Amino acid sequence: AYNKLNGYYLQRARESGDVKYFELAERAARASLKVVADEMNTGGLAGLAQALHNLHDFAGARDHAQRLVELEPRKSYTYQILGDALLELGDYEKAEESYRQMQRMSGGLVTFTNEVRLARLDHLHGRMDAMKARYTKALVIASESVPTVPEDVAWCRWQLGEAAFAEGNYEKAEQAYRDALTTYPDYYRALASLGRVRAARGDLGGAIEQYEKVVKLLPDPVFVAALGDLYKLAGREEEAARQYALVEHIARLSKLNGQLYNRQLAMFYADHDMKPAEAYELAKKEYDGRRDVLGADALAWTAFKAGKVPEAQAAIKEALRFNTQDAKLFYHAGLIARAAGDQVAARDWLARALKLNPKFDPWQSANAQRVSAE
């Protein structure tokens, strides 16, 4: 019963984005394992690993997943949970091997789980066409499954929208987000992304409307900060300041929020030229335990804003090592190269960012165009 409850909480969290359900899922899994130990209760162990993963305790999730593999070495799901944790920790070689093992244990079948995990590896390595093909396959599988899980279908459509947006195809991205909302109305991911793509298409009022809606549903710091940026672009300075203050308040609300939002808060400070030393310390602490590509980018960006240019250069090199196609990474690389006095590299990176996705961010893309022109 506890394991069943854990599963419902995990699904509700995916649907709503509300982290309280992940906390409840963890509590249910721990209660289950108290009743029956993991040797005879791999369901409770799997539920605990998944809850910890979503609470950003990736090391804990990895350790429990490794125990799962010991207990059920012939089951594909154990390698999927392990691969997910390793991927977030930046241990990419081991993550890829776990996913390959997941495929082998499932008999090489094309499954929803397999396709979405391998799509993440494709994205990491800049294989955009392969990534889109996998998400398209996953969408077909999710749509044809019985019973259909609407959130799975909406999530795949949202991912295809994200892929289109990353390549600057705003019309296609908007259609994908609308399709996701048709499948699952008020889906928070699609609402926020629809706001972002409307801003990219020059519809500032429509973008604000979307973000206001999603912030009421889910006051995530990333969404709140984006709404503040849109208010600022619209000349609504007082409203922007209120949103920026709310970002800090949410991120510092509890110890759990610190674990969840340290990286987001560090990037918020760096993006808005606030508290550079604190932003750097937050990013560095996060990267010490989680050495993934986005963590390296956060360290590079905050180090740059803190005036630590050599460290920023080393970190951005790590962030770019897989040729991940992300305009923000290229933009950060351009500004760091400029600060280091390498004008040729700066021009090249900024040109790549603006060619890939000229409106990658309502605030930062305008700065990229200004610096590029200079």
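**Salt bridges and helix packing in a predicted model**

Q: With which residue does R127 form a salt bridge, and how far apart are the closest N and O atoms?

A: A salt bridge is a side-chain nitrogen of Lys or Arg within 4 Å of a carboxyl oxygen of Asp or Glu. R127 forms one with D122, the closest N and O atoms being 2.9 Å apart. This is a predicted model, in which local features need pLDDT of at least 70 and side-chain atom pairs count only at pLDDT 80 or more, while totals for chains, interfaces and linings use all residues. Residues are numbered from 1 along each chain as its sequence is written, and side-chain values use heavy atoms, with hydrogens and water left out.

Q: Is D122 buried or exposed?

A: Buried means under 20% relative accessible area, exposed over 50%, and partly exposed in between (1.4 Å probe, protein chains only). D122 is buried at 5%, whereas R127 is partly exposed at 35%.

Q: Which parts does the salt bridge of D361 and K328 tie together?

A: The side chains of D361 and K328 meet at 3.6 Å, N to O. D361 lies in the loop between α20 (343-356) and α21 (364-373), and K328 in helix α19 (residues 327-339), so the pair ties together parts that are 33 residues apart in sequence. Helices are DSSP runs (H or I, at least four residues), numbered from the N terminus. D361 is buried, with a relative accessible area of 12%, and K328 is partly exposed at 29%.

Key:
Helices (H or I, at least four residues) and strands (E, at least two) are DSSP runs, numbered from the N terminus.
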